[in-house]
Amino acid sequence: MNKPIYFTLKDSKDTYGISGANIINLADKKALTSNVFKPTIAGTYQFQAKSNNSGTPYKDSEIVTVTITEPTKKTITLKNTPYRADNAILKIKRINSKDKNGNNNVTDKLVRLDNTYYNEYVLEVNNKGEHFIENLIEITFLVVNKSVKHNNGVITDYGQRVYPTALTEIVLTQVISHNKPSTRITTFDQLRESDLLVFYKIDIPNDNSQVITKSYFEFNLNDMGIDYAGDLNFTEFIEQ
């Protein structure tokens, strides 16, 4: 659920990417945009390809039925071995600063790339042993914040905090993975928008520390990954 489903059109000659037909969601009789369907409610959906009268008069396809269920996985994968994910935490970095009058202040940390500012987050998903955390993946990432105002590199307005959603641009900076007893650090030299971490569903917290329920996100990089649907603890921390 909330994870996009991609359809591909082909004709009887196995020619892919035809433009003379559309995929129709039979529930509302509307054509899918770019042949993508993103279900937001669990249930059964039906689709059918129909000619759009722009060229070749194609016959209607057979009806395709798709059943969507609530995601339930809580898995962390390290060295291609899956483990139960016991806890997920999303933290936003904050810093001590001074305002223009020299007064002490605490603000969200902003990272500048080229001429754009980003909020910085850390996402941690872990697997606990009998006494200690045995396996974890910790992802540091940036979320673009276009509300920040600046003049020649000097911030004049910190704007409003931007949270990660399925629509925001995410830039990965570092991944730390711990698979007892070894730890591995992956640093991204080329900082650019990445689809390795995808939030399919995440609500915006309404206070400084709370649990964001029914969150759903995935991460995949080489031999490690996260597939998590459930509570996500949100908190702030001041970077020292």
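This is a predicted model: local features need pLDDT of at least 70, side-chain atom pairs count only at pLDDT 80 or more; totals for chains, interfaces and linings use all residues.
## Asparagine 35 and its surroundings

Asparagine 35 touches Ile5, Tyr6, Phe7, Leu9 and Ile23, leaving out residues up to four places away in sequence; contact here means heavy atoms within 4.5 Å. You will find asparagine 35 in the loop between β3 (30-31) and β4 (36-37). Strands such as these are DSSP runs of E with at least two residues, numbered from the N terminus.

Residues are numbered from 1 along each chain as its sequence is written, and side-chain values use heavy atoms, with hydrogens and water left out.

## The nonpolar cores

Which residues have the most contacts inside the largest nonpolar core? They are Leu123, Ile137, Ile139, Phe141, Phe217 and Phe219, in a core of 30 residues. A nonpolar core is a set of buried Ala, Val, Leu, Ile, Met, Phe, Trp, Tyr and Cys residues joined through side-chain atoms within 4.5 Å. Buried means under 20% relative accessible area, with exposed over 50% and partly exposed in between (1.4 Å probe, protein chains only). Among the elements that give two or more residues to this core are β12 (116-128), β13 (133-144) and β19 (210-221). The most comes from β20, with five residues.

Isoleucine 139 touches, among others, Tyr121, Leu123, Leu172, Phe219 and Ile226, not counting residues up to four places away in sequence. There is also a second, separate core of 13 residues, which includes Ala21, Leu32, Phe37 and Phe47.

## A buried threonine

Now visit threonine 107, in strand β10 (residues 104-108). Is threonine 107 buried or exposed? It counts as buried, because its relative accessibility is 9%. Beyond its neighbours within four places in sequence, threonine 107 is in contact with Arg94, Ile95, Ser97 and Tyr158.

## The lining of the largest pocket

The largest pocket is lined by 19 residues, and Thr8, Leu9, Lys10, Ala49 and Ser61 lie nearest its centre. On a 1 Å grid over the protein atoms alone, a pocket is an open set of points where a 1.4 Å probe fits, with protein on both sides within 12 Å along at least five of seven lines; lining residues have an atom within 4 Å of a point.

Both β2 (21-25) and β5 (43-51) supply at least two residues of this lining, and β5 gives the most, with five residues.

Key: Helices (H or I, at least four residues) and strands (E, at least two) are DSSP runs, numbered from the N terminus.
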